[in-house]
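I opened this notebook to record, entry by entry, what I looked up in one structure.

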Amino acid sequence: MNTELAMIPPAKPIIGQEERAAVDRVLASGMVAQGPEVAAFEAEFSQALAGGREVVAVNSGTSGQHLGMLALGLGPGDEVIVPSFTFAATANTVAVCGATPVFVDVDPQSFTLDPEAVEAAVTERTVGIQPVHLYGHPAPMDRLLAIAEQHGLWVFEDAAQAHGATWQGAQVGTFGQGGMFSLYPTKNMTSGEGGMVSCATPEIARQVRLLRNQGMEAQYANEIAGFNNRMTDIHAAIGRVQLGKLAGWTAARQENAAFFDANLQGVATPVVREAATHVYHQYTIRIDGASAAERDAFAAALREEHRVGCGVYYPTPVHRLETFRTEVDLPVTERLAAEVLSLPVHPSLSDMDRERIVAAVNTVAKAGA
Ligand SMILES: *Cc1c(COP(=O)(O)O)cnc(C)c1O
């Protein structure tokens, strides 16, 4: 183990003086639950990232997915088509609505839903499609929307990792009937914990607002059975500051990615589709042809010999987790789960960090070749 070099962390939330001052302001007001900060955050987020659509703030991305799909009417007996190559929340939120996630394969290049696999998975019970804009690269929304339209399905976008990414010039989270952004600390921006639901119509937004707050719009006039999934004004105050910094951070991620694209050797670098802008929540390389054990050894060498933090998202495809254990053949998903490795791409990387990351990957790749 090389202990002389400082470890470059795989992710690094940036919480600065302005976030602290914003929290202080809310604490000093004595009003900390959902209030004016949340309303302002929703209005600003809608303008910046959701094309002016109505958005609803909640206490996590997972809550946003859950309430969003409940608002679209998801329930027992229904099927929703999802990728298996994603974070478990994508499928969990379908399952906790009493519905069945139907796992399909992804495109090996963009790591997002393969439209042909989606089309083939549609049954009488299918009610929706939940594409994931994985690592910050948009799913092929034009083709997915066409399939949804043809079969009368809704689309709910998992944009947890893709704040500001675009497909054919439009921002993710503005294509489907609904969409969710996560505000977890390691995502492209944070509110501490939190989520934002983008809604295509005022009716869907109203339903999400009701579900967020015990089914009430007017106090004690409960209309439906709901949850308490509200965001606090403390979290919203942090989120508002972060939103103002997001564009600069995204540009820094994209610059870091361009540097890696130009300098990495012996590994497969991420592909960006012509219709896409990628916001690099992760910069994910593939160790072409590697087994999971070989990829894990590559990651261990980066961490231990070169002190470069890195991550595997996600080592076990969701359909094989204990939760779901589905017998379905997803060869691309299986291959990607063995080959992928995400390098640090966050905005805090210095020039020296970037040089170190490139040198480390190229050295380990060469040794393994
Ligand atoms: C982070 C994430 C979620 C869940 O968001 P939380 O805010 O952590 O609840 C869902 N889907 C994907 C793809 C994610 O990366």
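**Entry 1: salt bridges.** I began with the salt bridges and found that the count comes to 19, where a salt bridge is a side-chain nitrogen of Lys or Arg within 4 Å of a carboxyl oxygen of Asp or Glu. As background I noted that side chains of opposite charge can pair when their charged atoms come close. I then looked up glutamate 19, which forms a salt bridge with lysine 245, with 3.1 Å between the closest N and O atoms. Because glutamate 19 sits in helix α1 (residues 17–29) and lysine 245 in helix α8 (residues 233–263), this pair ties together parts that are 226 residues apart in sequence. Helices here are DSSP runs (H or I, at least four residues), strands are runs of E of at least two, and both are numbered from the N terminus.

**Entry 2: what I am reading.** I remind myself that this is a predicted model, in which local features need pLDDT of at least 70 and side-chain atom pairs count only at pLDDT 80 or more, while totals for chains, interfaces and linings use all residues. Residues are numbered from 1 along each chain as its sequence is written, and side-chain values use heavy atoms, with hydrogens and water left out.

**Entry 3: two domains.** I looked up the domain assignment (bounds from an automatic or database assignment), and it gives domain 1 (17–241) and domain 2 (247–368). Their C-alpha centres lie 25 Å apart, and the contact (heavy atoms within 4.5 Å) takes 36 residues from domain 1 and 33 residues from domain 2. The two domains bury about 2900 Å² between them, 62% of it on carbon and sulfur atoms; buried area is the accessible area (1.4 Å probe) that two parts lose on being put together, summed over both. On the side of domain 1, Phe103, Tyr135 and Asn188 lose the most area to domain 2, together 24% of what that side buries.

How many salt bridges does the rule find across the interface of domain 1 and domain 2? I found one. I also looked up arginine 273, which forms a salt bridge with aspartate 107, the closest N and O atoms being 2.8 Å apart.

**Entry 4: the ligand.** I listed 18 residues around the ligand (a heavy atom within 4 Å), of which Thr62, Asp158, Gln161, Ser182 and Lys187 come nearest. A polar side-chain atom of aspartate 158 is 2.8 Å from a ligand nitrogen atom, and one of serine 182 is 2.7 Å from a ligand oxygen atom.

Terms used:
Polar contact = N/O pair within 3.5 Å; in protein donor to acceptor, adjacent residues only side chain to side chain.
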